[in-house]
Amino acid sequence: RNKQGRHIYRWVEQRVLEQMQQRVADNPEIIKKRKQLVEHPFGTIKHRADQGHFLMRGIDKVSTEMSLSVLAYNLKWVINIVGVKELIQAVA
């Protein structure tokens with residue numbers, strides 16, 4: 001009924017999002033595997049370090065804060081697998 005017609009707006013790269021959505025729909029096991037492998041460390045970091053939000057502001061500061069959190073997580077992980085003595089010997 002609009003005399004000027006109907007306007008539908010799309011993001012320039014909407015095609016990329018639709019392709020991704022289709023890949024996920026075709027292979028739901030990919031998302032399941034991603035949740036098991038990738039998202040677990042982030043949840044662990046947030047829970048163990050009580051890090052629900054960043055304390056700093058600005059991309060450089062937040063990036064540094066995240067890097068330190070990931071480093072601490074990785075060090076704990078290596079210590080649990082290898083042990084403290086072996087880790088010190090490997091670094092020295």
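1. A quick word on terms to start: helices (H or I, at least four residues) and strands (E, at least two) are DSSP runs, numbered from the N terminus. With that in place, V82 sits in the loop between α4 and α5.

2. Where the coordinates come from: this is a predicted model, in which local features need pLDDT of at least 70, side-chain atom pairs count only at pLDDT 80 or more, and totals for chains, interfaces and linings use all residues. Residues are numbered from 1 along each chain as its sequence is written, and side-chain values use heavy atoms, with hydrogens and water left out.

3. Overall fold. The chain holds 5 helices and 0 strands, giving the pattern α-α-α-α-α along the sequence. The radius of gyration is 22 Å, well over the 12 Å that the globule rule gives for 92 residues, so the chain is more spread out than a compact globule. Here the radius is taken over C-alpha atoms, and the rule is 2.2 Å times the number of residues to the power 0.38. Along its principal axes, the C-alpha trace spans about 75 × 35 × 25 Å.

4. Accessible areas come from the Shrake-Rupley method with a 1.4 Å probe; for residues, only the protein chains shown count as cover. The chain's accessible surface comes to about 8900 Å², and 59% of that belongs to carbon and sulfur atoms. Buried residues (under 20% relative accessible area; exposed is over 50%, partly exposed in between, with a 1.4 Å probe and protein chains only) make up 8% of the 92 residues.

5. The nonpolar patch deserves a look in your viewer. L68, L71, L75, I79, V84 and I88 form this patch on the surface, with about 540 Å² of accessible area together. Patches are made of residues with over 30% relative accessible area and no salt bridge, joining like charges within 9 Å and nonpolar side chains (Val, Leu, Ile, Met, Phe, Trp, Tyr) within 5 Å. Both α4 (59–81) and α5 (84–91) supply at least two residues each, and α4 gives the most, with 4 residues.

6. Salt bridge. How many are there by the rule of a Lys or Arg side-chain nitrogen within 4 Å of a carboxyl oxygen of Asp or Glu? The count is 1: E18 pairs with R10, with the closest N and O atoms 2.9 Å apart. E18 is partly exposed at 36% relative accessibility, whereas R10 is exposed at 54%.

7. Charges. The chain carries 16 positive and 9 negative side chains, and the centres of the two sets lie 7 Å apart. Lys and Arg count as positive and Asp and Glu as negative, while His and the chain ends are not counted; each charge is placed at NZ of Lys, CZ of Arg, CG of Asp or CD of Glu.

8. Two separations to check. V82, partly exposed with a relative accessible area of 41%, has its C-alpha atom 44 Å from that of E18, 64 residues apart along the chain. L37, in helix α2 (residues 28–37), is exposed at 56% relative accessibility.
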